[in-house]
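Subject: Handing over the model, with notes

Dear colleague,

I am passing on the structure that we spoke about, together with some notes for a first reading. Please open it below before going through the text.

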Amino acid sequence: MDKFQSFFLFIICNLISRCLSDATEDKRQVYVVYMGALPEGYHSLYHSNKLQEHHAKMLQDVVPRDISLTKALVTSYKRSFNGFAAYLTNQEQQKLASHEEVVSIFPSRTLWPQTTRSWDFIGLNENVIRNSNTDSSSNIVIGVLDSGIWPESESFNDQGFGPVPQKWRGVCNGGTNFTCNKKLIGARFYSSDTARDTIGHGTHTASTAAGNYVKDASFYGIAQGTARGGAPSARIAAYKVCQGGCREADILAAFDDAIADGVDVITISLGSSVAVDVIYDSISIGSLHAMEKGILTVHSAGNNGFSPGTVISVAPWLMTVGASSIDRGIVAKVVLGNGKTISGKAVNSFKMKGTEFPLVYGKDVRTGDCDELAGSLCSTDCLNSSLVSGKIVLCDSNSGIEEALNAGALGTIVKPGQVPDVSFVVPMSASVLIASDFELVKSYINSTEEAKAIVSTSESMKNSDAPVVASFSSKGPNPIISSILKPDITAPGVEILAAYSPAAPVTDYLKDKRSVEYSVLSGTSMSSPHAAGAAAYVKSAHPDWSPSAIKSALMTTAWRMDPTRHKDAEFSYGSGHINPINATNPGLVYETSREDYIKLLCSIGYSAESIRQLFKDNSIDCSKFKKVDSTNKDDFNYPSMTVKVAEGAPFSATFSRTVTNVGLANSTYTAAIDKSSDCNFTVDPQTLSFKQLNEKRSFVVTVKGNRMKSMVSASLVWSDGIHLVRSPIVVY
């Protein structure tokens with residue numbers, strides 16, 4: 001190769017390399033640039049405009065001049081906290097990350113939804129609600145950050161409601177043909193052109209939290225009863241952040257608006273598949289600033305609970321809610337030709353017109369292109385339409401429902417998927433059987449030449465085992481902050497009937513064209529609005545209580561769950577199952593202060609500079625606080641107590657706590673510990689005496705043990721003979 005060829009090849013390689021580099025560098029995506037609290041005194045429209053100008057200037061400093069700032073800037077956060085979202089390259093976001101005002105910068109991820117009788121089950125029946133202080137409860141506004149809302153639903157009827165609360169500063173910006181009323185008082189949308197819900201999820205969660213009374217609501221007659229929310233007198237403000245997925249840039253914009261609009265409680269049932277650091281997570285950031293303004297944010301724990309450490313809601317200022325069952329289950333019975341009846345799981349609204357129908361096994365009615373295994377699973381395009389018409393097909397996989405539907409079968413019986421303990425809405429006559437019952441059906445088919453069966457329409461049944469945490473509900477331990485027990489609590493999240501959008505698909509099956517006004521859904525998405533409704537109920541009784549006081553009241557009065565039925569114990573259910581009635585009179589509360597949060601963030605390694613920006617407080621000095629170390633000293637004033645220790649070695653841990661008297665002015669509480677034999681627990685002092693309301697008393701719990709190999713838990717209970725104030729203690 002001569003010199004000219006070598007030089008030419010060198011030029012070509014460099015050009016290719018540069019083009020590839022430029023192509024990578026020019027790829028823009030939405031980043032969230034978070035800058036902490038608003039500067040002091042910035043609470044007017046003038047200051048909001050100044051902040052937006054400042055954000056544009058910061059952006060101008062890093063993007064090329066040929067890029068339009070109006071197109072690059074997605075939104076400015078300027079009403080309740082400081083920051084912006086923008087289309088940036090990797091190089092540009094790195095430049096902004098070094099800016100002294102920036103706390104964190106992260107890609108705007110796409111989060112997803114975590115998708116009646118339940119209120120009676122937890123003690124909040126109609127008579128209790130109707131006898132509560134309606135003036136106070138109708139002044140409560142619940143902000144729902146979700147997929148929007150169906151404003152015409154009867155659950156949002158404003159009959160009997162008085163004027164909109166004077167404190168409300170929000171708007172009804174729902175788009176074309178969208179009207180608010182005295183129940184649904186606010187609506188906003190972000191990456192769409194309407195606040196109207198076309199997914200169904202947001203309507204369901206909003207009505208679960210604060211829906212009005214609707215008699216004889218049901219899903220085609222299933223789970224029939226009076227549908228209502230936990231706070232039916234409360235107002236609703238809907239913030240549509242999901243259209244398909246839910247962009248973090250929009251979620252932060254909704255928090256920015258909801259806080260400034262004047263909501264009292266926020267419920268958000270969205271999340272990713274994994275937890276992230278709290279200063280790189282839109283929900284943690286937004287809820288921190290909500291907490292600073294006296295607003296409790298209630299968040300779903302996640303739906304990936306098939307292994308430990310899967311909880312996605314980890315910040316201590318969030319109330320994290322797992323999902324548990326209620327005492328009403330939904331079953332779809334299968335009656336075989338030999339007279340045997342088997343109960344399966346499904347929300348099946350279809351009625352078979354007849355008594356018995358031919359029952360066939362998928363592998364026996366498969367197409368010629370599929371082997372026996374594919375046929376038995378009822379894999380895609382493996383069922384012969386002419387052989388399944390008018391028949392019920394047995395499939396070894398729950399994914400066979402779609403193939404049975406597409407092939408024109410009359411019905412199907414399938415094995416469960418990853419969630420065997422939940423009935424989901426099905427698009428045809430179907431029932432999901434546990435493995436042993438499925439084998440009974442298979443044996444019956446093999447025992448006769450003319451197998452027959454019928455799949456009955458679903459019906460409600462008494463579930464005496466409730467409450468039990470659902471298999472899908474995400475579990476602890478907390479993967480980000482090991483000393484904070486998550487979830488905090490559980491609430492109903494299995495087979496919940498609530499309002500639905502008639503424009504939304506009832507199932508994910510394309511052939512299912514039904515439209516409904518009420519539907520049955522399961523998920524921690526359903527448990528979060530239950531807890532939000534309960535929090536609104538407590539706040540209506542105590543309007544002056546802080547978010548941490550309300551959260552403490554709900555945690556320390558929760559029903560004790562049975563650890564023998566939950567292998568992950570407190571990592572499944574936190575403090576227990578929500579009990580809103582007792583939470584209005586908890587006796588004592590654990591108040592978590594701003595200084596507590598600052599101390600915790602310092603102790604787990606955040607820089608003083610970042611924390612100063614978070615709170616816009618230049619006096620913060622992390623050198624005053626010890627880092628988390630092997631001494632296991634916990635003085636974060638949280639209602640639960642958790643410590644992670646070295647495996648196989650002796651340990652000692654102390655928890656310093658302070659409680660505030662909100663019960664009887666003149667009272668004395670005595671400590672008792674329901675303890676494990678594996679550890680030694682002491683409480684000092686063992687009695688706390690109070691002479692007046694709002695008086696505070698402190699105590700220390702010490703735990704000692706040898707060679708920890710697994711999780712150990714206990715409960716500290718303070719009692720004055722009237723109140724029981726219970727806190728879980730977890731060592732792992």
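Helices (H or I, at least four residues) and strands (E, at least two) are DSSP runs, numbered from the N terminus. This is a predicted model, in which local features need pLDDT of at least 70 and side-chain atom pairs count only at pLDDT 80 or more, while totals for chains, interfaces and linings use all residues. Residues are numbered from 1 along each chain as its sequence is written, and side-chain values use heavy atoms, with hydrogens and water left out.

I begin with a residue in a strand. Not counting residues up to four places away in sequence, Ile330 touches Ile222, Ala223, Gly344, Lys345, Ala346, Val347, Ser423, Ser458, Glu459, Glu495 and Val520, where contact means heavy atoms within 4.5 Å. Asn177, by comparison, is 153 residues from Ile330 in sequence and 37 Å from it in space, C-alpha to C-alpha.

Next come two residues from another part of the chain. Thr642 lies in strand S30 (residues 641–643) and is buried, its relative accessible area being 2%. Leaving out residues up to four places away in sequence, Thr642 touches Ser482, Ser483, Ile484, Leu485, Asp634, Phe655, Val730 and Tyr732. Lys644 is found in the loop between S30 and strand S31 (651–661), and at 53% relative accessibility Lys644 counts as exposed. Residues up to four places away in sequence again not counted, Lys644 touches Ser482, Asn632 and Tyr732. Lys644 and Pro479 are 165 residues apart in sequence, yet 11 Å apart in space, C-alpha to C-alpha.

Thr687, in strand S34 (residues 687–690), counts as partly exposed at 41% relative accessibility. Its neighbours within four places in sequence left aside, Thr687 is in contact with Thr668, Tyr669, Thr670 and Trp718.

Now to the helices. Two packed helices are described by the angle between their axes and the distance between the axes. Here axes are lines fitted to C-alpha atoms, for helices over the stretch in contact, and angles run from 0 to 180 degrees between N-to-C directions.

Helix H8 (residues 201–210) packs with helix H15 (residues 524–541) at an angle of about 30°, their axes being 7 Å apart. The contact is made by His201, His204, Thr205, Thr208 and Ala209 of H8 together with Ser525, Met526, Pro529, His530 and Gly533 of H15. These residues divide into 3 nonpolar, 7 polar and no charged, where Ala, Val, Leu, Ile, Met, Phe, Trp, Tyr, Cys and Pro count as nonpolar, Asp, Glu, Lys and Arg as charged, and the others, Gly among them, as polar.

The axes of H19 and H20 come within 10 Å and cross at roughly 150°, and that makes H19 roughly antiparallel to H20. In this pair Arg594, Tyr597, Ile598, Leu601 and Cys602 of H19 meet Ile611, Leu614 and Phe615 of H20, a contact whose residues divide into 7 nonpolar, no polar and 1 charged.

How much of helix H20 is covered? Helix H20 (residues 608–615) is mostly covered, with 6 of its 8 residues buried, namely Ala608, Ser610, Ile611, Gln613, Leu614 and Phe615. The buried residues of H20 pack against strand S1 (29–34), helix H10 (282–292) and helix H19 (594–603). Just after H20, Lys616 takes a positive phi of about 50°.

Lastly, there is the interior. A nonpolar core is a set of buried Ala, Val, Leu, Ile, Met, Phe, Trp, Tyr and Cys residues joined through side-chain atoms within 4.5 Å. The largest one has 62 residues, of which Tyr239, Ile251, Val263, Val278, Trp317, Ile611 and Phe615 touch the most other members. The largest share of this core, 8 residues, comes from H9. A second, separate core of 40 residues includes Val144, Leu184, Ala206 and Leu296.

With best wishes

Definitions and conventions
Buried means under 20% relative accessible area, exposed over 50%, partly exposed in between (1.4 Å probe, protein chains only). Angles under 35 degrees count as roughly parallel, over 145 as roughly antiparallel, 65 to 115 as roughly perpendicular and the rest as oblique.
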